[in-house]
Protein chains: 4
Amino acid sequence: MTSSAHKLFQAQSMNLGKRQRTRSALLDSAISIVATKGFEATKITDITTHAGLANGTFYNHFEDKEQLMHEVATGLAIEITRDIDEQMKTINNAATRIIVATATFLEVALREPEWVQVLIKSSDVIPEIQSNLVKYLKKDLELGFEQGHFKVAVDLLLVNQIIALTKVSLQLNRRRDKGITKKTCAGILRLLGISAAQANKLVGSALDT
Amino acid sequence: MTSSAHKLFQAQSMNLGKRQRTRSALLDSAISIVATKGFEATKITDITTHAGLANGTFYNHFEDKEQLMHEVATGLAIEITRDIDEQMKTINNAATRIIVATATFLEVALREPEWVQVLIKSSDVIPEIQSNLVKYLKKDLELGFEQGHFKVAVDLLLVNQIIALTKVSLQLNRRRDKGITKKTCAGILRLLGISAAQANKLVGSALDT
Amino acid sequence: MTSSAHKLFQAQSMNLGKRQRTRSALLDSAISIVATKGFEATKITDITTHAGLANGTFYNHFEDKEQLMHEVATGLAIEITRDIDEQMKTINNAATRIIVATATFLEVALREPEWVQVLIKSSDVIPEIQSNLVKYLKKDLELGFEQGHFKVAVDLLLVNQIIALTKVSLQLNRRRDKGITKKTCAGILRLLGISAAQANKLVGSALDT
Amino acid sequence: MTSSAHKLFQAQSMNLGKRQRTRSALLDSAISIVATKGFEATKITDITTHAGLANGTFYNHFEDKEQLMHEVATGLAIEITRDIDEQMKTINNAATRIIVATATFLEVALREPEWVQVLIKSSDVIPEIQSNLVKYLKKDLELGFEQGHFKVAVDLLLVNQIIALTKVSLQLNRRRDKGITKKTCAGILRLLGISAAQANKLVGSALDT
DNA sequence: GATGAATGAGTATTCATTCAT
DNA sequence: AATGAATGAATACTCATTCAT
């Protein structure tokens, strides 16, 4: 039927009871469908059919579509964040942190395009996702400003500009071009006031190791 | 019924026949409703009711919602572009052109928030809008690169990044803050490889006259 | 499809517009169905099918089943009350008033069993019906007590007892036995403290003219 | 979970096997739920949840809701009848029998409102209840007519009128007013052709001992 | 026997679209 | 052209019932 994408929730519930496995099947199906058809256009029956279940089964596990999508988005956010956090633990330089975070995120997007697709689409509907992202990103930006790397005062506009540049990268990257990751990171650094040449150098040394 | 916004299509059809005026009323109503409720949530009856017409009348003028939205988006694009083109006729410096184009667009967004709101929302659904925008913007970017102002090679990613920065500005500008226009222009220039200080200077001299 | 019963609402809307006639068809269909299957068991599609309409048409005229049933019950109450009021205008003796009101009501029930059936069933769900009935009945009972006909103090229990006796009459009168009307009136008078012999005499002279 | 009401079926099955005890738990739960929410609105899961059982367990004991309600109603009828029969064994005077039967029934209703509530609601759906009641009541009424106490010929209408008066008493007696019992008995006697004064006297002497 | 997950038929409701007036 | 009543496909949600464990 669908993708070779990894089943996030199913993987997590392999050794749990039947109830949890069915739940996970629904959550994973929702990811596939939403990635394809979008949030609004996804019908309950799309999800249950994709999971090989009866429509009524949906309501044994979720109140409504809203609740399901919440869990999907939350699960995805946690999973993706885990990867990024791991990479970032030992990095102190703010410019490098921004580069690595962006690049790791975009790599996940190459590996699991459905996950990120859904996460992005959800972030319009589920504000927590967006606001969490803003919070963490802001911290690194302020750090970089204090460290003297970035020449621009941090405000909400700036944070959202960077998120927007990352999203653009995702949208254009249908062809899975790895070069776009570097260009995106460099663009973000330039937006932060770093010169074009310096931006390229920083991206190169941060990502080519 | 509601807004003090200017009726784009009605204004254009004032002196035409009744058929055209009814058509225009529907188009203008669509703008108001879509700006408020979004594309998906807009019902045919919302539009006809707002226009003071019977629901059936809609189908005397349009095949379906899709077609209506096409015309709305096209009309808006033409109208808004007209303003910008006017401003740009005498400007040769690419950096200034980018600034003025962005600022003019954002000013229209302040004056006619519904128009721009709808245009943005439509651009997801109607690709021509986006691709037209890309075409014109690309020309100026290439000019700037040739002129030596911008330090970055022009590609589709770059164009879309600039568009994205402009959209972010719109989304955040619920409070009609004019300062955001300048910040947005400066951000675009930095993204194009101009230093933060130089970007601010250019924006200042382009917009403060 | 069904009964030879008179179409209350259709009769009232014969010369009105199409909208009103369709509305009335739905109201009359509701009466037929509710009389047969009861309030709870009546589905929207039962009503529309019986009226020869599409299910969606229902919602062009009513918010939901609740609203429809309200109108049905109100319409029936008005119609039935009209008959009774007519008969009672010139009657001053309270005992006679009670007899005539009960007998007229039971006669309507013989003529239009569906109407009364539905009215009774509605009175559980729509309290206004019941409380209106209580109000009017109470007045006559108090009059009779003042006039010295009835030996029993009027209270809510008494009023409800009389209503209950009338309902029993309806339930048992599947065979359309006119004798039950007299027995019911006599029973009510006995309940009000009138002797069995006197009760029969009063009923006889009130109804045999 | 809730009421302090006595568990009829559980009490009867205390010393029987587990199967019987589970059955009884379901029957008692059904009484509680139906008394609160009514027959139609009672869901299978309401009953099983209240009994602390899984929903599937229901079908190990009953065919469907219908069968359950049959057993509930039958059990309640037997239990309540037992009390009344006990009281009546030594009473020969028909008027006193009617008074005591009614009063005992209404007392049970005060003590176990759920039982009677459900019994009344069931009697619409399960005709045997009603017809049994009719049979026993009819016997006493005929006795009273032979004894010369009641002035009215016994027929089905009369029997149902008396039942109706008893039900009215239950419906109005939300506030647990003991006075209503006496008024109800007196009303029944008046309906049977006994004068108001005599009715009050009989009720007084039958119930005040 | 008990469990509770899964089932799917049944129902209310919405709304784009048609068409007779 | 405009009207607005009627349509019916689409969809969410409920709940009695089944059945594998």
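How many residues does helix H7 of chain A have, and how far does H7(A) reach from its first C-alpha to its last? Before the answer, a word on the model: it is predicted, so local features need pLDDT of at least 70 and side-chain atom pairs count only at pLDDT 80 or more, while totals for chains, interfaces and linings use all residues. Residues are numbered from 1 along each chain as its sequence is written, and chains are lettered from A in the order in which they are written.

Helix H7(A), residues 113-125, has 13 residues and reaches 19 Å. That is close to the expected 18 Å, taken as 1.5 Å times one less than the number of residues. Helices here are DSSP runs (H or I, at least four residues), numbered from the N terminus. Among the buried residues of H7(A) are Trp115(A), Val118(A) and Leu119(A); buried means that 20 or more other C-beta atoms lie within 10 Å of a residue's own, with C-beta atoms placed from the backbone. The buried residues of H7(A) pack against several helices of chain A, including H1 and H9.

Now for how the chains meet. Two residues are in contact if their C-beta atoms, placed from the backbone, lie within 7 Å. The contact between chains C and D takes 19 residues from chain C and 20 residues from chain D. H9(C) gives the most to chain C's side, with eight residues. Chains A and C, on the other hand, do not touch, and their nearest C-alpha atoms are 21 Å apart. Chains B and C are not joined by any contact either, with closest C-alpha atoms 13 Å apart.

Notes
Helix = DSSP H or I, 4+ residues; strand = E, 2+ residues; numbered from the N terminus. Buried ≥ 20, exposed ≤ 12 C-beta atoms within 10 Å, placed from the backbone.
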